[in-house]
Amino acid sequence: MKGVVFPGDRKVELLDFPDPTPGPGEVVLEIKASGMCGSDLKFYRASGGAAALGLGKVSGPIIAGHEPCGVVAAVGPGVSEKQARIGMRVMQHHYRGCGVCEHCATGWMQLCVEGVAEVYGATGHGAHARYMKCPARTLVPLPEELSFETGAAIACGTGTAWGALHRLGLQADHTIAIFGQGPVGLSATQLAAKMGARVIALDISEERLARAKEFGAAHLINSKSTDNVVQAIKDLTHGRGAHLSLDASASPLARAQAVRCVRTWGKVCYVGEGDSVTLDVSNDLLRRQVTLIGSWTFSSVGQAECARFIADRGIDVDRLFTHRWKLGQAEEAYRLFDLQTAGKGVIQPS
Ligand SMILES: [Zn+2]
Ligand SMILES: [Zn+2]
């Protein structure tokens with residue numbers, strides 16, 4: 001089979017790999033949808049590809065794609081009927097840990113005390129290929145009502161937004177400022193609005209702000225053309241500031257604004273990967289009793305809950321996708337995604 005590889009420096013290669021066969025406890029998925037996530041851009045751009053990003057050891061070319069969704073195509077020895085059946089519609093929780101420590105046991109394989117053994121699509125073969133091999137215990141059933149594309153989004157970007165809103169304790173009477181309206185931020189806007197909150201969406205792209213409006217944002221702020229972003233948020237909240245804020249942009253400036261725009265006792269959550277932030281700890285945090293939270297994706301249990309919520313509320317997550325690509329179009333797909341003005345893309349290998 002062919003698999004998409006990021007050798008680094010904005011290059012995309014389509015390489016030949018043997019079709020995988022499942023070992024004990026493993027399954028092979030036939031991938032129907034493999035989402036393109038903002039963090040893929042880090043692997044795509046990095047000099048040296050995924051290996052350069054410190055997620056773990058990488059040997060040889062690794063197939064990209066960490067939003068896997070498809071059907072079970074083959075089942076290895078020792079996998080029970082309950083875990084996986086041929087033809088079962090599934091998402092995958094894209095991490096492998098030891099499987100027994102307290103974090104793995106509660107579905108947080110990425111927090112494994114022994115260190116995450118594999119991040120699929122970064123240090124282990126991912127879903128930008130027709131087939132993908134993984135442990136049966138990393139599978140998360142895809143509700144019948146949801147498309148494979150929605151499942152792919154939940155498998156990282158949308159699930160990450162959901163996880164962050166849960167970490168923040170979002171309530172319907174909250175106003176939340178969401179910085180960055182890429183795939184994760186836009187999902188957060190959509191989910192927070194569906195949970196009943198008032199969303200102030202921020203971005204530097206008018207195109208992305210227009211989409212945020214369609215996804216339920218009550219107010220839009222272009223942080224490039226607005227002189228004082230924090231004041232603009234205060235103006236929308238009777239001078240008090242937002243109850244909550246979420247940074248999905250990873251911009252050092254936006255991160256500082258996300259802290260400064262919340263009211264006293266407010267909560268802030270960072271989900272954007274990489275880079276840094278400079279804060280005036282006393283004024284920005286301590287003297288206003290601000291809580292600053294970091295949130296890394298979600299557990300496999302949370303992934304199932306997110307899917308259930310989206311199915312039960314009939315949330316149109318498919319609308320996030322502006323581009324659908326075949327495997328052979330991966331180079332063009334990432335070139336466009338790299339501009340960070342379009343919506344989310346998905347690769348459909350089969
Ligand atoms: Zn573990
Ligand atoms: Zn991701």
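What covers the buried residues of α8? Before answering, a reminder to myself that this is a predicted model.

**Entry 1: α8 and its cover.** I listed the buried residues of α8 and got Ala254, Arg255, Ala256, Gln257, Ala258 and Val259. Then I looked at what lies over them: the cover includes β10, α7 (229-235), β13, β14, α9 (281-285) and β15. I also noted that β13, helix α8 (residues 252-260) and β14 form a β-α-β unit, and that this unit is right-handed.

**Entry 2: β13 and its partners.** Five of the six residues of strand β13 (residues 242-247) are buried, so the strand is largely enclosed by the rest of the structure. I looked for its pairings. With strand β10 (residues 175-179) it pairs in the parallel sense over four bridges, and there I found alanine 177 opposite serine 245 of β13. With strand β14 (residues 262-270) β13 is again parallel, over five bridges. In that pairing aspartate 247 faces tyrosine 270 of β14.

Entry 3: Is alanine 250 buried or exposed? With 11% relative accessibility, alanine 250 counts as buried. Threonine 297 also has a positive phi, near 45 degrees. I found threonine 297 in the loop between β15 (291-294) and α10. At 5% relative accessibility, threonine 297 counts as buried.

**Entry 4: the cores.** Which residues have the most contacts inside the largest nonpolar core? I read off Ile176, Leu191, Leu246 and Ile310, in a core of 45 residues. The elements that give it two or more residues are β4 (68-75), α3 (148-154), α4 (157-168), β10, α5 (183-194), β11 (198-203), β13 and α10 (300-312). There is a second, separate core of 23 residues, and Val12, Leu41, Phe43 and Tyr334 are among its members.

Leaving aside neighbours within four places in sequence, I get contacts from isoleucine 310 to Leu146, Thr150, Ile154, Thr158, Leu191, Ile315 and Val317.

**Entry 5: α1.** Leu41 and Phe43 of the second core sent me to helix α1 (residues 38-45), whose buried residues are Asp40, Leu41, Phe43 and Tyr44. They cover an arc of only 160 degrees around the axis, which puts them on the same side of α1. I then asked what they pack against, and found β1 (2-8), β2 (11-16), β3 (26-35) and α11 (330-337).

**Entry 6: the zinc site.** Which residues coordinate the zinc ion (ligand 2)? I find Cys37 through SG, His66 through NE2 and Cys156 through SG, at 2.0 to 2.2 Å. Along the chain the donors are spaced C-x28-H-x89-C. Cysteine 37 sits in the loop between β3 and α1 and cysteine 156 in the loop between α3 and α4, so the pair ties together parts that are 119 residues apart in sequence. I checked burial for both cysteines. Cysteine 37 counts as buried at 4% relative accessibility, and cysteine 156 is buried with a relative accessible area of 5%.

**Entry 7: asparagine 222.** I placed asparagine 222 in strand β12 (residues 219-222). With a relative accessible area of 11%, asparagine 222 is buried. Setting aside neighbours within four places in sequence, its contacts are Asp203, Ile204, Glu206 and Leu209. I also took the C-alpha separation between asparagine 222 and leucine 142: it is 36 Å, and they are 80 residues apart along the chain.

**Entry 8: β16 and β17.** Last, I looked at strand β16 (residues 321-325) and strand β17 (residues 344-347), which run parallel and are joined by four bridges. Phenylalanine 321 stands opposite lysine 344 in β17. I followed the chain from β16 through α11 to β17, and this β-α-β crossover is right-handed.

Key. Residues are numbered from 1 along each chain as its sequence is written. Chains are lettered from A and ligands numbered from 1 in the order in which they are written. This is a predicted model: local features need pLDDT of at least 70, side-chain atom pairs count only at pLDDT 80 or more; totals for chains, interfaces and linings use all residues. Side-chain values use heavy atoms; hydrogens and water are left out. Buried means under 20% relative accessible area, exposed over 50%, partly exposed in between (1.4 Å probe, protein chains only). The arc is that of the directions from the helix axis to the C-beta atoms. Contact means heavy atoms within 4.5 Å. Two strands pair if DSSP finds at least two bridges between them. A crossover is right-handed if, with the strands pointing away from the viewer, the path from the first strand over the helix to the second runs clockwise. A nonpolar core is a set of buried Ala, Val, Leu, Ile, Met, Phe, Trp, Tyr and Cys residues joined through side-chain atoms within 4.5 Å. Donors are N, O and S atoms within 2.8 Å of the metal (3.2 Å for Na, K and Ca); water is not among the atoms, so sites may look incomplete.
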